[in-house]
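Student: I would like to go through this structure with you, starting with the sheets and then the helix packing. Could you show it first?

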Amino acid sequence: MIEVKNLTKKYGSHLAVNNISFKIEKGNVYGFLGPNGAGKSTTMNIITGCLAATDGTVLIDGHDIFDEPDKAKKHIGYLPEIPPLYSDMTPFEYLSFVAEAKRVSPNLRYPQVKEVIAVTGLEDHCDRLIKNLSKGYKQRVGIAQAMLGDPDVIILDEPTVGLDPKQIIEIRELIKDLGKIKTVILSSHILAEVASVCDHIIIISHGNIVANDKIDKLVSGYSDVSGYSMTISDPGSALNSLLDAIDLLTGSECRYEEIREGICITVNTSNGDDLREKLFDLLISFNVKILELKRLATTLEDVFLRLTEDNYSLPGNDDTDNTTDEEYEENDEDGSTSDGDEENDDEDDDKNDDDDDDGYTSLFSTSGGER
């Protein structure tokens, strides 16, 4: 569906994206993860044709986003981090405008607008001015506009930033539902969000792709380090001796903190054996009460932290440079691509007019027929 080949983006001497390549296949929810300034938003803006690349290609259903922007963009729905909303319009007016701007055939505009309003739960708010909506409902309007035109891929850049917990849950559920019928790319630095809605992860760090796999395979591939957590009664003066004994058994230095119940000890070890029984016997030998003893499984957070450690720099990147991609983009002089010439526009309009007599089929039909 989307193929990124040797993509590079420089802002002066700053290398934001470093010769990355990856593919987006149909039928998955992809999480695009990375720390702030890692290159996430730059990559998303290039894929969607909002930003020019220094080098490389982006193919969308076989169409080059730079050479055939109109044909390529028809396959993409995009919600940037700040939704492009007109606050003095109602959701219905705004979505009708977007449908026309996307050249949806006249006889399909109203059905599509009504459908995306229903799918995003905007029925009771479609006649209110957008400026009077909560941020959660503004995000719903933004997602609805991305769905118009029946794109094959919906790209969402930080869709839950600034939302309250209830709104976050609602938007995540909406993304899960979209993932059943569309290919979704979710760009985020919130690990819990990605883990809850995505089945495939791409991690970018310092402009490089450092991981690209399904979540379960990615986590299992870094399960060489296991951890243990022990909550025990206070051993008193024997605490240091107990900690030394745990260090010796696990081959790693443990940590502890005082809590209301007593002492909580945690340790990470590369020893692949299950040490719970030996730890249990060790704790009993120190005459402490064991309130809890559990093995800590490797999490997506563990993998993310290991892969994005700041232990290297790239050519043209200063380790002390904390400027975000967005700040570089503001000063970039070549930050746009051509949307095609008028001749291509006319051809597309003629093609849409030819479809005016077609019957309306739901954007979210799973029958596989023509839409």
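Predicted model: local features only at pLDDT ≥ 70, side-chain atom pairs only at ≥ 80, totals over all residues.

Student: Which order do the strands of the open sheet of six take?

Tutor: The order is β6-β7-β8-β3-β9-β10, with mixed pairing. Strands here are DSSP runs of E with at least two residues, helices are runs of H or I with at least four, and both are numbered from the N terminus. Two strands pair if DSSP finds at least two bridges between them.

Student: Which strands stand at the edges?

Tutor: β6 (76-79) and β10 (208-214) do; each has a single partner strand, so one side of each is left without a neighbour in the sheet. On average, neighbouring strands of this sheet are turned by 15° against each other, direction ignored.

Student: And in what sense do β9 and β10 pair?

Tutor: Strand β9 (residues 200-205) pairs with β10 in the antiparallel sense, over six bridges. H200 has K214 of β10 as its bridge partner.

Student: Which strands does helix α6 lie across?

Tutor: Helix α6 (residues 165-179) lies across β3 (29-33), β7 (153-157) and β8 (183-188), and runs at about 145° to β8. Axes are lines fitted to C-alpha atoms, for helices over the stretch in contact, and angles run from 0 to 180 degrees between N-to-C directions.

Student: What is the strand order in the open sheet of four?

Tutor: That order is β2-β1-β4-β5, and the pairing is antiparallel. The edges are β2 (14-24) and β5 (63-64), each with a single partner strand, so one side of each is left without a neighbour in the sheet. Strand β1 (residues 2-11) and β2 are joined over seven bridges in the antiparallel sense, and the bridge partner of E3 in β2 is K23. Helix α1 (residues 40-47) lies across β1, β2 and β4 (55-60), at about 120° to β1.

Student: Turning to helix packing, at what angle do α3 and α4 pack?

Tutor: Helix α3 (residues 91-101) and helix α4 (residues 106-119) pack at about 130°, with their axes 10 Å apart. That makes α3 oblique to α4; angles under 35 degrees count as roughly parallel, over 145 as roughly antiparallel, 65 to 115 as roughly perpendicular and the rest as oblique.

Student: Who makes the contact?

Tutor: With contact meaning heavy atoms within 4.5 Å, α3 contributes F92, L95, S96, A99 and E100, and α4 contributes R109, Y110, V113, K114, V116 and I117.

Student: How do α9 and α10 cross?

Tutor: The axes of helix α9 (residues 239-250) and helix α10 (residues 276-285) come within 11 Å and cross at roughly 160°. The two helices are therefore roughly antiparallel to each other. Their contact is made by L242, A245, I246, L249 and T250 of α9 and K278, L279, L282 and L283 of α10.

Student: Last topic: how many aromatic pairs are there?

Tutor: The count comes to four aromatic pairs, where rings of Phe, Tyr and Trp (its six-membered ring) pair if their centres lie within 6.5 Å; planes under 30 degrees apart count as stacked, over 60 as edge-to-face and the rest as tilted. The ring centres of Y86 and F97 are 5.7 Å apart and their planes are at 70°, so this pair is edge-to-face. Y86 is in the loop between β6 and α3, and F97 is in helix α3, 11 residues apart.

How values were computed: Residues numbered from 1 in each chain as written. Heavy atoms only, no water.
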